[in-house]
Amino acid sequence: MRSRITEGVRQGITSLDGLIAHGRGEAFDYLLGERTRDFAFRSIEAAAALLLVARRPVISVNGNTAALVPGELALLSEILGAPLEVNLFHASREREVRIQDHLLAHGGRQVLLPEREFVLDSLQSNRRFVNGQGIYQADVVFVPLEDGDRCEALIRSGRKVITIDLNPLSRTAQQASITIVDNIVRALPLLADRVKALASESVATLSTLPENYDNGAALREAETQLRGAIQVAASGS
Ligand code: PTJ
């Protein structure tokens, strides 16, 4: 994973800040035992169902996710029939185009870039620009490793947000409709498998899964797991 991220920086796909974000993720992953926990499996199930019932789902891609899981993002896009949209925290046209090329080279078919005519209200920075055929029209946005401001703006605009974030206390994790607290390299293949497995279910059956899902409970369980691991480490046992 580390070499994929550092190679991403060398290729102009991942930002330098992405290295710091990755290091933070590694620390949380270590405390979670570097495996997918039960609470994450529940979140993945609800996320798969929500993506399947969405009218216009969109998958938002940044410099870290593009470096870590480009093929898996392309596969999820294909099985959902949902576009990939490059949308960066540290906006740069050059990096957007490099990420677009990288995703296309890994099997992505529809890879959208932000357009200046389409903006997310209540966001001031460059991150407010979105694609008119993508996030602008989306009802459900999958934004792994997202920053808090944009997650908040997406939620405030009435869209549902699914994220993957190893930190259950981050603003994104706390605000998203569904938060998968797991490493994206493990969670994304599991999510694609669940989407495939649930694809033949009726909309009525699928709708009950996100309705009965409790994101707060998943986050609390993740936090308990982390605090327990810290206590064990601190007591030296
Ligand atoms: O490419 P850009 O410009 O869009 O920037 C992308 C980053 C990730 C640098 C930017 O969005 C950012 O700074 O994000 P944050 O606020 O650091 O949030 C990233 C979150 O992802 C943190 O809570 C990390 O713990 C978490 N994280 C890092 N690596 C992984 C992860 N979660 C799941 N899987 C990972 N591999």
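Analyst: One term to begin with: two strands pair if DSSP finds at least two bridges between them. Note also that this is a predicted model.

User: How many bridges join β1 to β6, and which way do they run?
Analyst: Three bridges join β1 (residues 57-61) to β6 (residues 140-142), and the two strands run parallel. Within that pair, V58 has V141 as its bridge partner, and I59 stands opposite F142.

User: What does I59 stand opposite in β2?
Analyst: L84. β1 and β2 (residues 84-86) are also parallel, with three bridges between them.

User: What's the strand order in the open sheet?
Analyst: β3-β2-β1-β6-β7-β8, six strands with parallel pairing. β3 (111-112) and β8 (178-180) are the edge strands; each has a single partner, so one side of each has no neighbour in the sheet.

User: Which elements of the sheet does α3 touch?
Analyst: Helix α3 (residues 38-53) packs on the sheet and touches β1, β6, β7 (160-164) and β8. The direction of α3 makes about 130° with that of β8. Helix α9 (residues 184-198) packs on the sheet as well, touching β6, β7 and β8, and its direction makes about 130° with that of β7.

User: Back to β1. Are its residues buried or exposed?
Analyst: Buried, five of five. P57, I59 and V61 point one way from the strand, while V58 and S60 point the other way. In a regular strand, side chains alternate between the two faces of the sheet.

User: Switching to pockets. What volume does the largest one have?
Analyst: About 730 Å³. Its lining has 34 residues, and those nearest the centre are A21, H22, R24, N64 and L145. The elements giving two or more residues to that lining are α2 (16-31), α4 (63-68) and α8 (171-175).

User: Which one has the largest share?
Analyst: α2, with nine residues.

User: And how do the residues of that lining divide?
Analyst: For the largest pocket, 10 are nonpolar, 13 polar and 11 charged.

User: What about the volume of the second largest pocket?
Analyst: About 200 Å³. Its lining includes N87, L88, R93, E96, R116 and F129. α6 (93-105) and β4 (115-119) each supply at least two of the lining residues.

User: What classes does that lining have?
Analyst: The second largest pocket has four nonpolar, three polar and five charged residues in its lining.

Notes: Residues numbered from 1 in each chain as written. Predicted model: local features only at pLDDT ≥ 70, side-chain atom pairs only at ≥ 80, totals over all residues. Heavy atoms only, no water. 1 Å grid on protein atoms, 1.4 Å probe; cavity = no way out; pocket = protein on both sides within 12 Å on 5 of 7 lines; lining within 4 Å. Points joined across faces, edges and corners; volume = space filled by probe spheres on them. Helix = DSSP H or I, 4+ residues; strand = E, 2+ residues; numbered from the N terminus. Nonpolar A, V, L, I, M, F, W, Y, C, P; charged D, E, K, R; others polar. Contact = heavy atoms within 4.5 Å. Axes fitted to C-alpha atoms, helices over the stretch in contact; angles between N-to-C directions. Buried < 20%, exposed > 50% of the residue type's maximum accessible area, 1.4 Å probe, protein only.
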